[in-house]
Amino acid sequence: MDGTQTPDKSETDIWSEAGTTRVPFQVYQDADIYAQELKRIFYGSSWNYVGLECEIPEPGDYRRNFIGEREVLMIRKDDGGLSVVENRCAHRGAQLCQALSGNAGSAIMCPYHQWTYTLDGELTGMPFKRGINGKGGLNPDFDMKAHGLVTLRVESLNGVVFASFDHDVPELKEYLGPDMVKYFTRIFNGRGLRVVGYERQVIDCNWKLQMENLKDPYHAGILHLFLISFGLFRLDQESKCLVDDSKGHSVLMTAKGTEEGKEDTGGVRIAAPDFSLTDHELIQPRLEFPDNVTLSIQTLFPSIIIQAQCNTLATRQVIPKGPGSHELVWTFFGFEDDDDEMKDLRLRQANLMGSAGYVTLDDAEALEFSQVGLSGSPAGEAAVLEIGGTDCESNDHLVTESLIRGFYMRYRDIMGHGKAGA
Amino acid sequence: MTLRRIERLQLSYISAIDEGPLDNWPHFFTDKCLYTVVSRDNFDRGMELGVMRFESVGMLIDRATATQHAAVFAPRIIRHLLGPAMVDDTGEGYRSRCNVAIYQTSPDGDTMLLMTAIYNDLIVEQDGVLKFKEKRVIYDTHRIPDSIVYPL
């Protein structure tokens, strides 16, 4: 990351005060700020989710993905190792692989002029390198080694693959920290993974709003009428909101079955109709982790969410598409040793999640309401984040925005937006 | 004659979604049924994961209830355009396949293509009425613009 750069005044001045109880609306719509985010966050010293190892089991298998707006390929090498390279030919910049996934064989070849690379991204050859009859071709002193693909640093943690454009980034476990590794490995515990299926949707709001929403337990017992009306979630469930030391990562978890009587909503009735399910098959979870947690949402900076609601497990990758839009890629997964009943549960409970999910369609809609609402707001206007106080600490309740405040502490720091903690 | 009846079933089905009332939608299915909406991307990979998957009329009723009373979304108009159905009598019922394009219109009046898809259905006769025993919506547009609110 370019740490020597001095941010210009306009960047530092948009935050009217220290701390993160006010998030200026400009950070969701300003093209210059967005360009800085790509450079400093996504192409800087961050670890970015690129996929699961089980998606590329065989040598030569690849899967195409994005880090920020740059396309990358996650590749299984001949020796079983992993590589991640940018999906752009070093010759004239053409996109190398077009399919979402496939097998490249033993080499990656650009379809335009057939420049060819190893699965590690080293340039090995091209047609007519020496020309025809000594005419044309490349100069003999052309340095093949200097014209490989852009390679990224890669690490896998129990089958989940992360990559970074910064080869000097701290190791993944250090980047995540011990608390986050603990909750990450609660789900990714080393058992073989299998992909259950994918969903992709384009939501027209800034990528950070999507991350905020998964750090906002306060909305879950209010917006999600399905959960409330059908009695499936309450804000007074036994819960935990954990923020890591860096403040950028977090986990929120709830356990069902501990709440009693009526929820104390401070005298305010949440506007939700009262229903019961006609067919309860939809919500018959089977305990599969060694605790009574029924919902856990982990968010890792900058842009990956790991969801475990009952038996529906998924990674949700947030891919920025300009200041006002992002793509959300859902990779629903299970374990290789799932029995038939568990396979059915995962398919059935997926009704809760995804682009038509009982729970998450509300989210996508509300996030678009946010982007429309804040668009064109005059400088100086900001989101108010004071639910649960002003700090960024962990909590044992859900009525808090401390996880979002934590995210912006880390964000301001990386973006050079003044001193957040001053 | 059967072709005509199947065509009428398909048109009545999309009308329940496009024109309402949505409460009618579950009753186009047999009590035990399979309604799935799966992307072609998943389908081609042999993955059954769908954005919706319901296995009984009860589950369909719950979806219709939730959509009308327990979901937050911007109002919209949905419009299905159906192609002609290709029908085979399989012995266990009529297998019907037809192309469908689904458009969505926002409160501001902008219409966009939500998806193109194929309906792959198994239709059976129950007490003189044709019903869907299976309706598989396999959609091409696997990068969905915003959300899927209504059934397809």
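In what order do the strands of the open sheet in chain A lie, and with what pairing?

Modeller: Bearing in mind that this is a predicted model, the open sheet holds 7 strands in the order β2-β11-β10-β5-β4-β3-β6 of chain A, and the pairing is antiparallel. Its edge strands, each of which pairs on one side only, are β2 (48-52) and β6 (101-103) of chain A, and from one strand to the next the twist averages 30°.

The domain assignment places domain 1 of chain A at 48-156 and domain 2 of chain A at 181-415, with 36 Å between their centres, taken over C-alpha atoms. Where they meet, 11 residues of domain 1 of chain A are in contact with 16 residues of domain 2 of chain A, and the area buried between these domains is about 1100 Å², 58% of it from carbon and sulfur atoms. Y49(A), together with L52(A) and F66(A), supplies 44% of the area that domain 1 of chain A buries against domain 2 of chain A, more than any other three residues. On the side of domain 1 of chain A that touches domain 2 of chain A, β2 and β3 (61-67) of chain A each supply at least two residues. Between the two domains of chain A the count is 0 salt bridges, whereas 6 residue pairs are in polar contact, both residues being at pLDDT 80 or more.

Conventions: Residues are numbered from 1 along each chain as its sequence is written. Chains are lettered from A and ligands numbered from 1 in the order in which they are written. This is a predicted model: local features need pLDDT of at least 70, side-chain atom pairs count only at pLDDT 80 or more; totals for chains, interfaces and linings use all residues. Side-chain values use heavy atoms; hydrogens and water are left out. Two strands pair if DSSP finds at least two bridges between them. Helices (H or I, at least four residues) and strands (E, at least two) are DSSP runs, numbered from the N terminus. Axes are lines fitted to C-alpha atoms, for helices over the stretch in contact, and angles run from 0 to 180 degrees between N-to-C directions. Domain bounds come from an automatic or database domain assignment. Contact means heavy atoms within 4.5 Å. Buried area is the accessible area (1.4 Å probe) that two parts lose on being put together, summed over both. A salt bridge is a side-chain nitrogen of Lys or Arg within 4 Å of a carboxyl oxygen of Asp or Glu. A polar contact is a pair of N or O atoms within 3.5 Å; within protein, one must be able to donate a hydrogen and the other to accept it, and residues adjacent in sequence count only if both atoms are side-chain atoms.
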